[in-house]
Amino acid sequence: MLAGLKTTPKTLPSIWLYDRRGSELFEEITGLDEYYQTRTETALLGECSAAIADVVGPDAVVVEFGSGASRKTPLLLDALATPRAYVPIDIADEFLDAAVATLARRCPGIPILPVHADFTRAFRLPPQLQNTHGPRLGFFPGTTIGNFAPGQAVAFLSHVGKVLGPRRWMLVGADACKAPAVLLRAYDDAHGVMAQLNLNVLVRINRELGGDLPLDAFHHEARFDASASRIELHLVAQRPFTATVLGHRFNFTTGESIRTVDSYKYGQAELRVLANCAGWDIERVWLDARSRFAVYLLRPASGE
């Protein structure tokens with residue numbers, strides 16, 4: 001946090017929006033009319049889960065990176081033949097525990113082995129998986145791949161390939177929409193829920209790092225950078241002030257912003273390049289009728 005606030009322009013990592021409250025807000029966002037991504041991907045998964053199960057085969061372990069509420073996961077688990085286990089990984093531990101309890105009631109016959117971790121960094125899969133030899137299916141739905149810049153996305157996909165091992169598959173959702181009007185509505189909804197999520201990072205700084213950032217001095221703003229093909233979320237200072245975090249003082253001028261989120265919009269050609277650079281090939285692609293969202297099934301690159 002300190003490093004980001006000391007840069008010019010100021011930035012903060014988007015992962016820290018997601019404590020329990022942040023995760024709850026995001027779940028609320030997924031039900032908004034403006035946020036087309038979740039309902040579009042859910043419909044796609046309903047259409048393609050059986051085909052995915054046919055390709056992956058029986059006894060698969062499903063490993064979900066950034067599992068959140070695991071709302072889309074039952075579509076996949078129901079389609080797979082005798083899934084060996086489900087491993088949800090999330091940084092918000094309380095929210096993860098609640099989601100696991102709900103899913104355990106929904107899928108009582110499937111072992112659920114939660115991992116509380118930052119999935120972008122090194123972590124260990126549960127020891128119960130050490131003697132399993134079936135396929136492992138990584139699951140990365142939503143628009144989260146877009147939170148990585150291209151180089152970071154390659155590093156992440158390479159990282160999860162190592163985590164999953166030799167008999168690996170990867171299912172990735174990617175927002176491909178590049179219509180500014182549609183995107184800006186999705187990231188700046190009329191109810192202000194995305195604004196609450198964005199401001200939650202400041203709430204956490206004040207609560208957990210002894211900060212005194214005035215929340216009412218910031219305004220949530222979504223911007224589309226066409227040259228980078230990404231949505232940016234900013235917290236824009238509405239007046240000049242000085243704030244303290246962990247004993248460090250930071251000056252803000254009117255109009256100065258903290259960039260909190262980047263959400264890149266990757267089309268099929270771009271996603272293919274990222275996958276190939278990370279040691280994956282694309283097995284199948286499912287695209288919605290408006291070409292806004294795609295679900296990709298990745299396999300290890302030829303020759304591995």
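This is a predicted model: local features need pLDDT of at least 70, side-chain atom pairs count only at pLDDT 80 or more; totals for chains, interfaces and linings use all residues.
**View 1. The open sheet of four strands.** The 4 strands run in the order β1-β11-β8-β7, with mixed pairing. At the edges lie β1 (10-11) and β7 (218-225), each of which pairs on one side only. Helix α7 (residues 180-187) packs on this sheet and touches β7, β8 and β11 (257-264). The direction of α7 makes about 155° with that of β7.

View 2. Strand β8 (residues 230-237) pairs with β7 in the antiparallel sense, over 8 bridges. Among the facing residues, F218 stands opposite A237, and A222 has L233 as its bridge partner. Between the two strands are 4 residues. One of the turn residues, S229, has a positive phi of about 55°.

**View 3. Strand β8 and its surroundings.** Besides β7, β8 also pairs with β11, again in the antiparallel sense, over 7 bridges. In this pairing E232 stands opposite D262 of β11. Both faces of β8 are covered: one side carries R230, E232, H234 and V236, the other I231, L233, L235 and A237, and all are buried. Because 8 of the 8 residues of β8 are buried, the strand is largely enclosed by the rest of the structure.

**View 4. The second largest pocket.** This pocket holds about 180 Å³ of space. Helix α5 (residues 93-106) gives the most to its lining, with 6 residues. The lining residues include E27, S70, R71, P74, F95 and R106. By type, the lining divides into 6 nonpolar, 2 polar and 3 charged residues.

How values were computed: Residues are numbered from 1 along each chain as its sequence is written. Side-chain values use heavy atoms; hydrogens and water are left out. Two strands pair if DSSP finds at least two bridges between them. Contact means heavy atoms within 4.5 Å. Axes are lines fitted to C-alpha atoms, for helices over the stretch in contact, and angles run from 0 to 180 degrees between N-to-C directions. On a 1 Å grid over the protein atoms alone, a cavity is a set of points where a 1.4 Å probe fits but cannot get out, and a pocket is an open set with protein on both sides within 12 Å along at least five of seven lines; lining residues have an atom within 4 Å of a point. Grid points are joined across faces, edges and corners, and a volume is the space filled by probe spheres set on the points. Ala, Val, Leu, Ile, Met, Phe, Trp, Tyr, Cys and Pro count as nonpolar, Asp, Glu, Lys and Arg as charged, and the others, Gly among them, as polar. Buried means under 20% relative accessible area, exposed over 50%, partly exposed in between (1.4 Å probe, protein chains only).
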